[in-house]
Amino acid sequence: MHLEVSLRVLRCLLRAPPTATPSHVTSRSLTTTFTGPWNYVRGQRCNPATVDGRVIKVLEPATGGVLCEVPTSDAAAVDDAVTCAHAALPAWRQLSLRERGRLLMRAAAVIRENLHDIVNLEVRDTGKPIWEARLDIESCADAFEFYGGIAPSVAGQHVPLANGSFALVVREPLGVVAGIGAWNFPMQTAVWKVAPALVCGNTFVYKPSQFTPVTAVTLAEVLRDAGVPDGVYNVVQGEGETGGLLARHPLVAKVSFTGSVPTGVQVMRDAAAGVKAVTLELGGKGPLIVFPDACLVNAVKAALMANFLSQGQVCSNGTRVFVHRSILGEFTDKLVTATRKLKIGNPFDDDTTVGATIHEEHARKVLSYIDSAKREGCRVLCGGERELLTGPLAGGWYLQPTVLADCTDSMKVVQEEVFGSVVALLVFDDEEEVVARANNTDYGLAGAVFTKDLQRGHRVSAALQCGTVWVNTYNLYPTEVPFGGYKHSGVGRECGTAVIDAYTHTKTTYVEMGDVDCGPLYQD
Ligand code: NDP
């Protein structure tokens, strides 16, 4: 038995209803090998013109072997990509919204036609189970369909004023947007930024994580095949230094960042120096609260989804599972039983539910949190160790999903973002108490409440200080609704229609239809 989430049901929940897409898009073949070049500028793969010798060895999480070697982009390479995106702006913003929307719809169709190949690339790059990667890549097509579909409605306003005067409020693109992404959902992270930015008439330069450089370039080929003009979307590879060069570049109007809080603070600082807009999608330490009237099977399923998808490397995870004292025993037994049934294995096997941690250093960090929890008095009910696989998978870092009991709020594992498959079980007695404890964190990305009491569900949702609250489910993000954090979890939102404000200026043109009335300032 595997993760008790039916793939079919989850897929239905995550996907928007089918949208009318162009019946067929003739796709030039997307690159499916792991050979470079890895930057993408002016509509083609390229190497940085001046390679300073720094090359990132990208390891395949599943095996620990080298997947590809990627040269880092220096200041000249970043400048070249940004200049190219800037040059592409006038023609791109000149297209009508409907035309840009149509191109995004075609991008969705290219993704769906090449789903198998793109999913394979994402699995090798991330080590996540293939069924999850399929959902991630399908959600990229969903996002392009959503923004392609709403494109014609990204309009301004006509505001009637006194005496026949009026104002036009028009939306204008910001200019060149820089995107910087994390490694856990590589292509989806890029698409959540690129799709709304492009539909608003901006052009883009994206820097993926050094650990997952591949599908940002695949996205460039998808957009090329969809007919998006050269230069509208560009990729520079590199480490944090390259990200910093991008965020500080004078021709970059906005930085959209996904990653950790400390890096987000640095990006905000860099952007502040140039008075640039930022969107920051940062970390989380979500609460999942289970009241005694909840359906326990559903609550257990949600706890699995809140902790064990993508090896627990999910920003919105509900890692602090607060369980009412009266049901603690029953809930714990059910959760541990379900967790023990998860199957650690080759990410390409359809029945694998736990793949490989992104890299050794991160795996050791996750294990160190479990060690610290034990030292602070937690009991490990299941998991807690590295699982050594054999054959080609022997070099991968596969961690057993872990459930910790006897946790208290002050423990390090309860306070800090672990970013791994580690559930901390916490016990509570009443609603007011649990809400206060759930909110007692600097993070505020997401959380959930499990109850059959409609009023309590809404009351707790209203009281939780986070950008998303799920009632009786967890970790679903349809493109139609905004996603983002309160407090240190970030600034701004992605997805939904609200994001349009984040990628446009509004310009007010006030038209005076009478004489200028300046009061006593002017005397005949
Ligand atoms: P990091 O903050 O380490 O890195 C994120 C990106 O920033 C990477 O591309 C990294 O480059 C780049 N970077 C590093 N330093 C700088 C700098 N000084 N200036 C500009 N860019 C820089 O995060 P991780 O990649 O380790 O991702 C894990 C974190 O991301 C977790 O905290 C998680 O919660 C959060 N996250 C948040 C999400 C959300 O939507 N809220 C979604 C997914 C993850 P490189 O890695 O190449 O060095």
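In the predicted model, V413 is buried, with a relative accessibility of 2%. V413 belongs to helix α13, which spans residues 412–415. Setting aside neighbours within four places in sequence, V413 is in contact with K285, Y369, A373, E376, L404, V418 and V422. The C-alpha atoms of V413 and C378 are 9.6 Å apart in space, although 35 residues separate the two in sequence. V413 counts as buried because its relative accessibility of 2% falls under the 20% cut-off.

N439 is also placed in a helix, namely α14 (residues 431–439). The relative accessibility of N439 is 14%, and N439 therefore counts as buried.

T468 has a relative accessible area of 14% and is buried. This residue is found in strand β20, which covers residues 468–471. Apart from neighbours within four places in sequence, the contacts of T468 are with L445, A446, G447, P482, F483 and G484.

The ligand site was examined next. The ligand is surrounded by 29 residues, of which G181, Q210, S260, L282 and E417 are the closest. In the side chain of T263, an N or O atom lies 2.7 Å from an oxygen atom of the ligand. For W183, the distance between a side-chain N or O atom and an oxygen atom of the ligand is 3.0 Å. G259 contributes through its backbone, with an N or O atom 3.2 Å from an oxygen atom of the ligand. The ligand taken alone exposes 910 Å², and 86% of that area is buried by the protein.

Helix α3 runs from residue 97 to residue 113 and contains 17 residues. The distance from its first C-alpha to its last is 24 Å, close to the 24 Å expected at 1.5 Å a residue. The buried residues of α3 are R100, G101, L103, L104, M105, A107, A108, A109, V110 and I111. These buried residues pack against five helices: α2 (75–94), α4 (115–126), α5 (130–150), α6 (186–199) and α7 (214–226).

One of these partners, α7, has 13 residues. From first to last C-alpha, α7 reaches 19 Å, close to the 18 Å expected at 1.5 Å a residue. Helix α7 is mostly covered, with 13 of its 13 residues buried. The residue that follows α7 is G227, which has a positive phi near 105°.

Positive phi values also occur in residues other than glycine. One is R42, with phi near 55°. R42 lies in the loop between β1 and β2 (44–46) and is partly exposed, with a relative accessible area of 44%. Another is S310, whose phi is near 50°. S310 is placed in the loop between α10 (296–307) and β13 (320–324). In S310 the relative accessible area is 1%, and the residue is buried.

A cis peptide bond joins G36 to P37, with omega near -5°. P37 is located in the loop between α1 (7–14) and β1 (39–41).

According to the UniProt record, an unreviewed entry, residues 54–508 carry the annotation "domain: Aldehyde dehydrogenase". In the model, this span is 41% helix and 20% strand. The C-alpha atoms at the ends of the span lie 47 Å apart.

Technical notes:
Residues are numbered from 1 along each chain as its sequence is written. This is a predicted model: local features need pLDDT of at least 70, side-chain atom pairs count only at pLDDT 80 or more; totals for chains, interfaces and linings use all residues. Side-chain values use heavy atoms; hydrogens and water are left out. Helices (H or I, at least four residues) and strands (E, at least two) are DSSP runs, numbered from the N terminus. The expected span of a helix is 1.5 Å times one less than its number of residues. Buried means under 20% relative accessible area, exposed over 50%, partly exposed in between (1.4 Å probe, protein chains only). Contact means heavy atoms within 4.5 Å. A residue is near a molecule or strand if one of its heavy atoms lies within 4 Å of it. A polar contact is a pair of N or O atoms within 3.5 Å; within protein, one must be able to donate a hydrogen and the other to accept it, and residues adjacent in sequence count only if both atoms are side-chain atoms. Accessible areas come from the Shrake-Rupley method with a 1.4 Å probe; for residues, only the protein chains shown count as cover. UniProt positions are given in the numbering used here, feature names are shortened, and annotations may be inferred rather than shown by experiment.
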